[in-house]
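Thanks for asking me to look this one over. My notes follow as numbered points, to be read with the model open beside them.

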Amino acid sequence: MKITKLETFTKPFVSFVKITIEDGSTGFGQMSTYHADITSQIFHKQIAPWALGQNWQDFENLENLILEKEHKFPGSYVLRAMAGLDTALWDLKGKIFNLPVVSMIGGQTGYLKIYASSMKRDILPKSEAQRFKILQDEKGVNAFKFRIGSECGKGKDEWDGRSEEIVKTINKELDSSTLKLVDANSCYSAEQAIEIGKLLEDNQVVHFEEPCPYWEPEQTKIVTDTLKLDVSGGEQDCDFRIWKEMIKNKIVNIYQPDVMYMGGLTRSLKLAKMLNKSGFICTPHAANLSLVTVCTMHFLKSIPNAGKYLEYSIEGSDYYPWQKDLFYNHPLKITDGGVIISDEPGWGVEINKEWLNSSKYTISELS
Ligand SMILES: [Mg+2]
C-alpha cells in the first residue's frame, strides 16, 4: 500500500509529520528538534519526493533508498528529517495493528525508570542539589545527571571552581543509594578528564559522559581505558561508519545514540543490535520532552542491552518554553521515579490540535 501524503506542522523548534497511505490510514511522527523550520524544508525537498508512491511496510528498504538517492548529503540534517518519516511510519504501523510501538519490537508497555537530567550549567551547585532533592522526595527519582566543565570548553570551567564544588555538593547532599551521573559536553583534554575523573570516582559518580571533544575519539579512549567509572558518548553520531569505528575501538563503555539524530527508530534499533553483538550497553540520549523522549521510551524498553534508565530532561518552561503543550494527557508524567509507556497504539500520544493549528503547514502529495 502506497504512501500518498506527507504533511508537516512546523514551529522553529519542533516539526511534526503526518503520514497518510492509500486507504486513508495515518500516523504521526516528529523530526529532530532545533532549527525544525530548516529540517522541514529538507523533508519536503529530500525525503518526501522519494517516499511518496512507495510501499510503506518495509521501513529499512525505503529509508536506505532515500539515503542512496541523497548520497551526496551524508550529514545530520537529512537524518533529522528522516526521523520524521520513520517515526510517523512506526506510529502508522502501530495504529494499523492496534499495538504500541514497543510491543512490535520485542518489548512491553509499562514502567520504565528514569534518570533526571539537568541541562543547566548556569545553576549554583547548591540550587542543583536542592532541585534534585525535591525530585527525589516528591517524585521518587533516584538517579541524576548534572553538568561539569563548559560546553566544548577547551578545559575551562563554567566559572572557576564550579565543577569541583558541584561534584562534592551533590555527593554530600544526596545519599549513597542515589545514582550520580555527569556530562562534560566535550570539555576536557584526556589528561584533564582523567584528573577530574578521579574526583568523580571519589564522589560516587558512576557515569562520565562526553569527557573529551567527541570528534577526537582517541582522547576519549584514553579516558575510558584509564578510569574505573563508565565513560559514555555518541549522542551526536548518526553515521554507521563512525559507529562501527567507535565500537571496534571500544571508545566508550556506554553508547548513547539519539533516536532523532540517528534518523529514527529503525536505524537506532539496527545500532542497538550492533552494540549488543559487541557486548555494549545502550543508554540513549533524549534531551527534551518532545516526541524524542516518548520514542526513546519504546526503544529502550525493547532492547536487551538497555542501560538502567531513560534520560529525562528536568527543564521546564523557563528553559524550554517551546516544549510546552505539545501533547494532550502528558505522556511523560513521572510516577514513582519512572514513566509509563501506555497501551495505546503507535507512540500512544495525541498531539495538541491547537499547537498543530497554530503551526506552519506544508504538504507533499502523490499527484
Ligand atoms: Mg550529553
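1. A definition to begin with: a residue is called buried if 20 or more other C-beta atoms lie within 10 Å of its own, exposed if 12 or fewer do, and partly exposed in between, with C-beta atoms placed from the backbone. Helices (H or I, at least four residues) and strands (E, at least two) are DSSP runs, numbered from the N terminus. Please keep in mind that this is a predicted model, in which local features need pLDDT of at least 70 and side-chain atom pairs count only at pLDDT 80 or more, while totals for chains, interfaces and linings use all residues. Residues are numbered from 1 along each chain as its sequence is written.

2. With those terms in hand, helix α2 (residues 59-69) has L62, E63 and I66 buried. They cover an arc of only 95° around the axis (the arc of the directions from the helix axis to the C-beta atoms), which puts them on the same side of α2. The face turned away from that buried side carries the exposed residues E60, N61 and E68. The cover over the buried residues of α2 includes α1 (36-51), α3 (76-97) and α10 (265-277).

3. Now the chain as a whole. Its secondary structure comes to twelve helices and 13 strands, and 47% of its 367 residues count as buried. The radius of gyration, taken over C-alpha atoms, is compared with a globule rule of 2.2 Å times the number of residues to the power 0.38. For 367 residues a compact globule would come out near 21 Å, and the chain agrees with that because its own value is 20 Å. Along the principal axes, the C-alpha atoms fill a box of roughly 65 × 40 × 35 Å.

4. On contacts (two residues whose C-beta atoms, placed from the backbone, lie within 7 Å): among those in the chain with a separation of 6 or more, 72% are between residues 24 or more positions apart.

5. The domain assignment gives domain 1 (3-98 + 353-365) and domain 2 (102-341); such bounds come from an automatic or database domain assignment. The centres of domain 1 and domain 2, taken over C-alpha atoms, are 27 Å apart. Their contact takes 22 residues from domain 1 and 18 residues from domain 2. On the side of domain 1 that touches domain 2, α2 and α3 are the elements that give two or more residues. The most comes from α3, with eleven residues.

6. T8 stands opposite V17 in β2, and the two strands form a hairpin with four residues between them. β2 also pairs in the antiparallel sense with strand β3 (residues 26-30), over five bridges, with Q30 in β3 as the bridge partner of F16. The hairpin of β2 and β3 has four residues between the strands, and G24 there takes a positive phi near 90°. Six of the seven residues of β2 are buried.

7. S117 is bridged to K145 in β5, and A143 to L179 in β6. With helix α6 (residues 162-173), β5 and β6 make a right-handed β-α-β unit; right-handed means that, with the strands pointing away from the viewer, the path from the first strand over the helix to the second runs clockwise.

8. Two more places are worth a look. In helix α11 (residues 291-300), ten of its ten residues are buried. N352, in the loop between β12 (338-341) and α12 (353-357), counts as partly exposed because it has 16 C-beta neighbours inside 10 Å. Leaving aside neighbours within four places in sequence, N352 is in contact with D325, L326, F327 and Y328.

Technical notes. Two strands pair if DSSP finds at least two bridges between them.
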